[in-house]
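Work through the exercises below with the coordinates open. Each task is followed by a solution in steps.

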Amino acid sequence: MSEHALTWLAVLAAGAVCFAIKMIGHLVPEHWLAEPRIARTSSLVTVALLAALVGVQAFGSGPGLAIDARLPALAVAALALALRAPFIVVVVAAAAVAATLRALGMP
Amino acid sequence: MVTGVAASDRRAAVQQSLSVAAATGLYAVSFGALAVSAGLDLPQTAALSLLMFSGGSQFAFIGVLGAGGAAASAVATAGLLGARNGLYGPLVSPFLRVRGWRRAAAAQVTIDESTAVSTAQPTPEAARTAFWWTGVGIFVLWNVFTVAGALLGDALGDPRRYGLDAAAAAAFLALLWPRLGARVARVVAALGMAVALVLTPLVPSGLPVLAAAVVAIAVGWLRGPDEPSAAAEPEVGS
């Protein structure tokens, strides 16, 4: 099989796997979800996932970790959130800080 | 007036959804550019965003292929990182109440952002509104900007130059922020981030985020039912 065809096969297979995972989550019987312990757990899962995504997005660098312009950008985002800035302001401010610092030579 | 309150809840939900959709959708520019530089062609890049539609899985997929990894490990890595979307279905399906093709459509747009914005709403109606506006809004923008990034990749240069990686971190922080009211939520957030960061240099990408979810499941499961029910019931954001 050519490399191009193999890549297509991987794209289609990975797309199917990712959709199936999402669909399985929607097919969980509702009476399972009524269990209080599961309801309690599910909102904590969202918190843990979002926190992990913040960490990986802010410090992940290829296979390792790095501290770079993303850290001050994230600090500005946290400050904006503490000041109750709207979501879009928080996101644009972080991008602007990181872009400015990188233009000034910070990695 | 009840209908007035419901309408303003829905308006706030739409505004939050569109903010999230714009910020997240734009980030697909960097996905499109990186996918092409990892060796995928334009139709393959566009197909990934249409079919996989899960940012973390997509970046991991092209990361493995771009580093010369086997196709099978790219599929496995994408699946592992996408596993968290399977945990989101049970969070959103109770208020969505959809069947048939609408359930398939809902499943496809069940991602971090649609789950987080919808579960942060005060009423099931507002949650439904937020889920569809965020999910479909990101789906449309994500696919448009994927193609733009793939076409303009060379002209755009390194997406990090525009701070888009920092923007994504800030977006996740903004989604997390209103959920940190309860102490147990703050503990789980700190544990989840620590576990993900410690594992990042050690295991394939995708697994650190999944491990953080496992930590949350363990904490949620082991907590006694007699403790105050403070499972991060989020306040509505601004």
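**Exercise 1: Charged and polar pairs across the interface**

Task: In this predicted model, how many salt bridges are counted between chain B and chain A, and which side chains meet?

Solution. The count between chain B and chain A is 1 salt bridge. The side chains that meet are those of B:Asp165 and A:Arg102, with an N to O distance of 2.9 Å. That value is within the 4 Å cut-off for a salt bridge. Polar contacts between chain B and chain A come to 8 residue pairs, with both residues at pLDDT 80 or more.

**Exercise 2: Extent and make-up of the interface**

Task: Which helix of chain B gives the largest share of the side that touches chain A?

Solution. Helix α5 of chain B, residues 71–96, gives the largest share, 18 residues. By residue class, the side of chain B that touches chain A divides into 60 nonpolar, 18 polar and 10 charged. In contact terms, 88 residues of chain B touch 68 residues of chain A. The size of an interface is often given as the accessible area lost when the parts come together. Here the buried area is about 6600 Å², and carbon and sulfur atoms give 75% of it.

**Exercise 3: A helix pair**

Task: At what angle do helix α4 of chain A and helix α9 of chain B pack, and how far apart are their axes?

Solution. Take α4(A) as residues 70–82 and α9(B) as residues 164–176; the angle is about 35° and the axes are 9 Å apart. The crossing is right-handed. On the α4(A) side, the residues that meet α9(B) include A:Arg70, A:Ala73 and A:Leu81; on the α9(B) side they include B:Asp165, B:Ala166 and B:Leu173. This contact divides into 10 nonpolar, no polar and 2 charged residues.

**Exercise 4: A loop residue**

Task: Where does B:Leu180 lie, and with which residues is B:Leu180 in contact beyond its neighbours within four places in sequence?

Solution. B:Leu180 lies in the loop between α9 and α10 of chain B. With those neighbours left aside, the contacts of B:Leu180 are A:Val47 in chain A, and B:Ala185, B:Arg186 and B:Ala189 in chain B.

Notes:
Residues numbered from 1 in each chain as written. Chains lettered and ligands numbered in written order. Predicted model: local features only at pLDDT ≥ 70, side-chain atom pairs only at ≥ 80, totals over all residues. Heavy atoms only, no water. Contact = heavy atoms within 4.5 Å. Buried area = accessible area lost by both parts, 1.4 Å probe. Polar contact = N/O pair within 3.5 Å; in protein donor to acceptor, adjacent residues only side chain to side chain. Helix = DSSP H or I, 4+ residues; strand = E, 2+ residues; numbered from the N terminus. Nonpolar A, V, L, I, M, F, W, Y, C, P; charged D, E, K, R; others polar. Axes fitted to C-alpha atoms, helices over the stretch in contact; angles between N-to-C directions. Left-handed = near helix turned anticlockwise from the far one by under 90°.
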